Amino acid sequence: MPGGSSQARDESTRDRVARSILTNGPSSAAVLAERLELTPAAVRRHLDHLLAEGLVESREERVYGPRGRGRPAKVFVLTDSGRHAFHQAYDDLATTALRFIAEAGGDQAVTEFARRRVAEVEERYRDLLDAAPEGEKAQVLAQALSGDGYAASTQQAGAGAQLCQHHCPVAHVAEQFPQLCEAETEVFSRLLGKHVQRLATIAHGDGVCTTHIPGSHPVTEPASPVSDGESARTAR
């Protein structure tokens with residue numbers, strides 16, 4: 001049926017648009033069109049459909065540092081409903097379990113659980129990071145995280161780099177239990193041998209989990225996450 005075939009193509013393209021936002025973070029219509037090799041009109045049509053379904057939302061692009069002239073670009077990010085479409089089916093069970101741990105053992109028990117959980121990740125990544133040249137460790141970490149579903153990438157940031165996780169399978173749980181983010185940041189510090197700083201998290205409403213990795217400075221203590229306001233000041 002021609003009509004059915006056309007509808008299937010539209011749904012497939014909309015999925016590509018949504019997945020591109022998931023993988024690459026907040027994106028403008030122009031950037032999506034170039035990335036997916038679509039016309040701007042086609043991208044806007046699919047974005048309108050995703051907006052109507054509540055799967056994406058638009059916002060002004062966040063700028064850390066000096067703002068250029070003109071209005072900030074409009075970018076599109078996945079909503080909670082959009083993220084649910086990418087396999088976050090066990091959030092309720094995990095949240096209930098952690099709530100029970102908190103009630104039975106307090107916040108310290110949740111922190112200990114979070115550290116044990118990421119200790120398994122640290123053990124799996126350790127050989128990869130130890131074998132990587134110093135200048136490639138962040139990229140190797142991003143590749144390992146991507147293999148675990150975090151859609152991670154790196155980009156230069158001054159003398160250092162930023163590790164960007166465009167997807168977080170436990171974002172809804174971490175929203176209520178930030179100990180998960182804190183434990184993960186501690187592991188990044190140990191794996192990279194640097195005092196890294198968490199600038200933004202999906203759990204706190206940002207489009208991407210962003211961790212700053214300095215060009216030097218060995219780790220002396222676990223890194224702590226910062227608020228959006230603090231991250232903006234740090235990035236400046």
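Reader: Which strands does H9 lie across, and what angle does it make with E5?

Author: H9 lies across E4, E5 and E6. It runs at about 135 degrees to E5. Keep in mind that this is a predicted model.

Reader: What other helix lies across strands of this sheet, E3 among them?

Author: Helix H7, residues 137–147, lies across E3, E4 and E6. H7 runs at about 155 degrees to E3.

Reader: What is the order of the strands in the open sheet?

Author: The order is E3-E4-E6-E5, four strands with antiparallel pairing.

Reader: Why are E3 and E5 called edge strands?

Author: Each of them pairs on one side only. E3 covers residues 152–157, and E5 covers 197–200. On average, neighbouring strands of this sheet are turned by 25 degrees against each other, direction ignored.

Reader: What makes E5 and E6 count as a pair?

Author: The cut-off is at least two bridges. Three bridges join E5 to E6, residues 209–213. Therefore the two strands pair. One place to look is Gln-197, which stands opposite His-212 in E6.

Reader: How many bridges are there between E3 and E4?

Author: Six, in the antiparallel sense. Ala-152 has Gln-165 in E4 as its bridge partner. E3 and E4 form a hairpin, with two residues between them. Gly-158 sits in that turn and has a positive phi of about 65 degrees.

Reader: And how many bridges join E4 to E6?

Author: Five bridges, and the two strands run antiparallel. Here Cys-164 stands opposite Thr-210 in E6.

Reader: Why is E4 described as largely enclosed?

Author: Count its residues: six of the six are buried, so E4 is largely enclosed by the rest of the structure. Now look at which way they point. Gly-160, Gln-162 and Cys-164 point one way from E4, while Ala-161, Leu-163 and Gln-165 point the other way. In a regular strand, side chains alternate between the two faces of the sheet.

Reader: Why is Ala-151 called buried?

Author: Its relative accessible area is 17%. Buried means under 20%, so Ala-151 qualifies. Ala-151 lies in the loop between H7 and E3. It has a positive phi of about 45 degrees, although it is not a glycine.

Reader: Is Glu-37 buried or exposed, and what value shows it?

Author: Its relative accessible area is 73%. The cut-off for exposed is over 50%, so Glu-37 is exposed. Glu-37 is in the loop between helix H2 (29–36) and helix H3 (40–52). Its phi is near 55 degrees, a positive value in a residue other than glycine.

Reader: What makes Ser-58 partly exposed?

Author: Its relative accessible area is 36%. Buried needs under 20% and exposed needs over 50%, so 36% falls in between. Ser-58 is in strand E1, residues 56–60. Ser-58 touches Leu-51, Lys-74, Val-75 and Phe-76, leaving aside residues up to four places away in sequence. Compare its positions relative to Ser-28: 30 residues apart in sequence, 9.0 Å apart in space, C-alpha to C-alpha.

Reader: What span is expected for H5, and what span does it reach?

Author: H5, residues 91–105, has 15 residues. At 1.5 Å a residue, 21 Å is expected. H5 reaches 21 Å from its first C-alpha to its last, close to that value.

Reader: Which residues of H5 are buried?

Author: Asp-91, Thr-95 and Leu-98 are buried. They cover an arc of only 70 degrees around the axis, which puts them on the same side of H5. On the other side, Asp-92, Leu-93, Phe-100, Glu-103 and Ala-104 are exposed.

Reader: Which helices do the buried residues of H5 pack against?

Author: They pack against H4 (80–84), H6 (107–131), H8 (171–176) and H9 (179–192). Just after H5, Gly-106 takes a positive phi of about 85 degrees.

Reader: How many residues are in the largest nonpolar core?

Author: It has 33 residues. Tyr-125, Leu-129, Leu-141, Leu-145 and Leu-163 have the most contacts inside it. H6, H7, H8, H9 and E6 each give two or more residues to this core. The largest share, seven residues, comes from H9.

Reader: What does Tyr-125 touch?

Author: Leaving out residues up to four places away in sequence, Tyr-125 touches Leu-141, Ala-144, Leu-145, Asp-148 and Leu-191.

Methods
Residues numbered from 1 in each chain as written. Predicted model: local features only at pLDDT ≥ 70, side-chain atom pairs only at ≥ 80, totals over all residues. Heavy atoms only, no water. Expected span 1.5 Å × (residues − 1). Buried < 20%, exposed > 50% of the residue type's maximum accessible area, 1.4 Å probe, protein only. Arc of directions from axis to C-beta. Contact = heavy atoms within 4.5 Å. Axes fitted to C-alpha atoms, helices over the stretch in contact; angles between N-to-C directions. Core = buried A, V, L, I, M, F, W, Y, C linked by side-chain atoms within 4.5 Å.
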